[in-house]
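Here are my notes on the two-chain model you sent. Please read them with the structure open.

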Amino acid sequence: MNKLTVSLPGLEMKNPIMPASGCFGFGKEYAGFYDLSVLGAAAIKAATREPRFGNPTPRVAETHSGMLNAIGLQNPGVDQIMENELPHLQSYDLPIVANIAGSTEEDYCEVARKISRHPQVSVLELNISCPNVKEGGIQFGTDAATAAALTKKVKAVSSKPVYVKLSPNVSNITEMALAVEEAGADGLSMINTLLGMRIDLKTRKPVIANKTGGLSGPAIKPVAIRMIHEVSQAVSIPIIGMGGVSSAEDVIEFMLAGASAVAIGTANFVDPYICPEIISQLPKLLEKMNVDHITELIGGSWKECGTPSLSR
Amino acid sequence: MKKEFVQVISQKEIAHQIFELKVRGEVVADMTSPGQFVHLRVSDSFQPLLRRPISICDVDVKSKTLTMLYRKEGAGTVLLSHKREGETVDLLGPLGNGFPLDTLSAGQTALLVGGGIGVPPLYYLAKELKRRGMNIVSVLGFQSEQDAFYNEEFAELGEVFISTVDGSLGTKGFVTDVLKNEDINYDLLYSCGPTVMLKALEAQIPDANGFFSLEERMGCGIGACFACVCHVNGGSPSDYVKICSNGPVFPIGRVAL
């Protein structure tokens with residue numbers, strides 16, 4: 001019996017592990033390291049209506065147990081992605097999460113309408129949380145009414161389930177989660193990066209050309225865990241958890257917090273084999289924990305003892 | 001490209017803050033293209049988190065030995081400098097694309113221009129070109145005499161000119177001053193060094209034919225994270241190359257410096 005299967009709206013996953021959007025390109029690079037079919041799913045880099053070059057360099061800076069990035073949603077545009085990037089993924093047994101971003105509601109809807117109809121795409125991930133572009137994300141992600149309105153519009157034009165990727169850069173993330181759930185979101189992804197900065201002592205200027213960047217990596221894991229713990233108790237849609245996941249133990253921790261699947265981001269940069277390594281370690285870890293199926297763990301940190309946990 | 005824990009054979013400081021690290025591993029057999037690089041994880045913990053790109057300075061495929069030269073500068077390279085004989089290093093590589101070796105024919109002359117920590121990849125290149133019967137002329141630039149390294153190693157392969165900013169060794173000034181003063185005949189230019197140096201070379205030799213190896217801050221090193229992208233000359237504003245996976249070696253003039 002496969003102890004790792006997870007079933008989410010639009011995503012039948014062999015295991016709960018997927019590379020996170022922005023940390024996996026469009027899969028080609030990692031396909032040189034391992035067979036992508038071992039993954040539960042894969043979230044590809046954000047698509048926008050027009051090609052974007054992104055921000056000037058330097059775009060990344062290391063921090064304690066983490067990194068700042070301000071790539072700026074560089075991508076070849078939705079048309080090119082559909083024509084040149086998605087077809088190679090056909091050769092894998094792999095559900096694709098298509099991350100979409102934009103500067104206006106019309107942008108988002110145009111990209112959603114197009115990419116949701118691509119046969120390789122299983123679900124959409126609505127990126128309203130990229131902190132690195134002046135327009136195109138975060139302004140939709142910090143106000144509940146704006147986020148809900150956008151979710152409703154994207155849902156109306158998308159032919160596939162829509163997950164909304166939430167920003168941690170808000171004072172009340174549960175309010176955001178409830179608003180997009182009410183607007184029709186099929187699931188949530190959380191968390192995106194935390195807005196941060198580093199200053200170079202020699203130049204006395206920010207290290208990153210964009211000045212600010214999104215903080216990711218192990219440093220943000222406790223923030224993600226706390227937010228998922230809180231949100232998962234308030235909503236009834238599933239959560240794809242992410243934020244500093246680097247080991248099989250981290251995956252378990254996220255699921256106990258309330259995530260139904262787990263995305264791995266920055267750790268892919270440290271070790272390109274991290275996803276398959278974690279997937280191969282999970283069965284043994286479950287055995288050690290005396291858990292028959294991984295979905296039993298979902299929300300295990302707050303569900304009452306003895307209550308059979310729901311598989312989402 | 002492979003990931004392997006390679007074994008440290010030796011480590012020594014060969015110039016001010018410049019370390020020579022020799023390692024042995026199966027993966028070294030794949031390192032046949034000078035100009036490629038390896039990505040090292042210097043710590044088992046999350047501190048520092050990311051790998052460090054280090055250029056390939058020399059390879060002995062027979063003994064599976066890789067030589068790397070690096071400057072001890074930040075937290076990562078300080079940790080790397082603590083690695084001792086017998087310890088292992090987590091190495092991913094070889095990554096990127098090296099210098100083409102078949103552009104010149106035997107008997108033609110390659111001019112190698114290196115600046116600072118951009119010098120190391122040119123050594124393996126020089127050896128491979130020499131093996132193919134090409135003549136080597138090297139121009140190496142350093143801050144001062146105490147920062148200079150591998151002068152003798154390059155001298156074994158051909159004529160060497162040195163420049164130092166303070167004039168303590170060779171020509172006072174930059175590699176471009178050497179090129180101004182000396183009448184060097186060559187067929188192809190290969191260069192690696194800081195972007196300011198490559199820019200100065202481009203300005204001084206506008207019709208230069210050859211290859212530049214570029215540096216940029218990297219994340220993943222394999223083309224996935226889009227940290228090290230550069231604009232290309234003559235392309236549309238959204239055209240780009242990734243230094244790590246499309247480069248680090250490019251034909252001169254291709255990348256907007």
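1. A:Ile71 counts as buried, because it has 26 C-beta neighbours inside 10 Å. The cut-offs are these: buried means 20 or more other C-beta atoms within 10 Å of the residue's own, exposed means 12 or fewer, and partly exposed lies in between, with C-beta atoms placed from the backbone. A:Ile71 sits in the loop between strand S6 (66-69) and helix H2 (78-85) of chain A. Helices (H or I, at least four residues) and strands (E, at least two) are DSSP runs, numbered from the N terminus.

2. A word on the source. This is a predicted model, in which local features need pLDDT of at least 70 and side-chain atom pairs count only at pLDDT 80 or more, while totals for chains, interfaces and linings use all residues. Residues are numbered from 1 along each chain as its sequence is written, and chains are lettered from A and ligands numbered from 1 in the order in which they are written.

3. A:Leu73 is found in that S6 to H2 loop of chain A too. A:Leu73 is buried because 24 C-beta neighbours lie inside 10 Å. The "binding site" annotation in UniProt, from an unreviewed entry, covers both A:Ile71 and A:Leu73. UniProt positions are given in the numbering used here, feature names are shortened, and annotations may be inferred rather than shown by experiment.

4. Where does A:Ala98 lie? Its place is strand S7 (residues 96-100) of chain A. A:Ala98 is buried, because 28 other C-beta atoms are within 10 Å. Leaving out residues up to four places away in sequence, A:Ala98 touches A:Ile44, A:Ala47, A:Ile115, A:Val121, A:Leu124 and A:Glu125. Contact means C-beta atoms, placed from the backbone, within 7 Å. A:Ser122 is 24 residues from A:Ala98 along the chain, and their C-alpha atoms are separated by 7.7 Å.

5. Now the core. The largest nonpolar core holds 182 residues, and those that touch the most other members are A:Ala42, A:Ile100, A:Leu188, A:Ile228, A:Val262 and A:Ile264. Helix H2 (residues 120-131) of chain B gives this core its largest share, six residues. Domain 1 (2-95) and domain 2 (109-213) of chain B each supply at least three residues. Such a core is a set of buried Ala, Val, Leu, Ile, Met, Phe, Trp, Tyr and Cys residues joined through C-beta atoms within 7 Å. In soluble globular proteins, nonpolar side chains tend to be buried together.

6. Look at A:Leu188 in particular. Not counting residues up to four places away in sequence, A:Leu188 touches A:Tyr163, A:Val164, A:Leu166, A:Ala177, A:Val231, A:Val235, A:Ile237 and A:Ile239.

7. How many residues of each chain meet at the interface? Chain A puts 29 residues in contact with 25 of chain B. On the side of chain A, two or more residues come from each of helix H1 (28-31), strand S5 (60-63), S6 and helix H9 (267-270). That side of chain A has 14 nonpolar, 11 polar and four charged residues. Ala, Val, Leu, Ile, Met, Phe, Trp, Tyr, Cys and Pro count as nonpolar, Asp, Glu, Lys and Arg as charged, and the others, Gly among them, as polar.

8. Chain A as a whole. Chain A has 10 helices and 14 strands. Its radius of gyration is 18 Å, close to the 20 Å that the globule rule gives for 312 residues, so chain A is as compact as a globular protein of that length. The radius is taken over C-alpha atoms, and the rule is 2.2 Å times the number of residues to the power 0.38. Of the 312 residues, 57% count as buried. Of the contacts in chain A with a separation of 6 or more, 71% join residues 24 or more positions apart.

9. Chain B as a whole. Five helices and 16 strands make up its count. Of its 257 residues, 47% count as buried. The C-alpha atoms fill a box of roughly 50 × 45 × 35 Å along the principal axes.

10. Last, the domains of chain B. The assignment gives domain 1 (2-95) and domain 2 (109-213), with bounds from an automatic or database domain assignment. Their C-alpha centres lie 23 Å apart.

Notes: Two residues are in contact if their C-beta atoms, placed from the backbone, lie within 7 Å.
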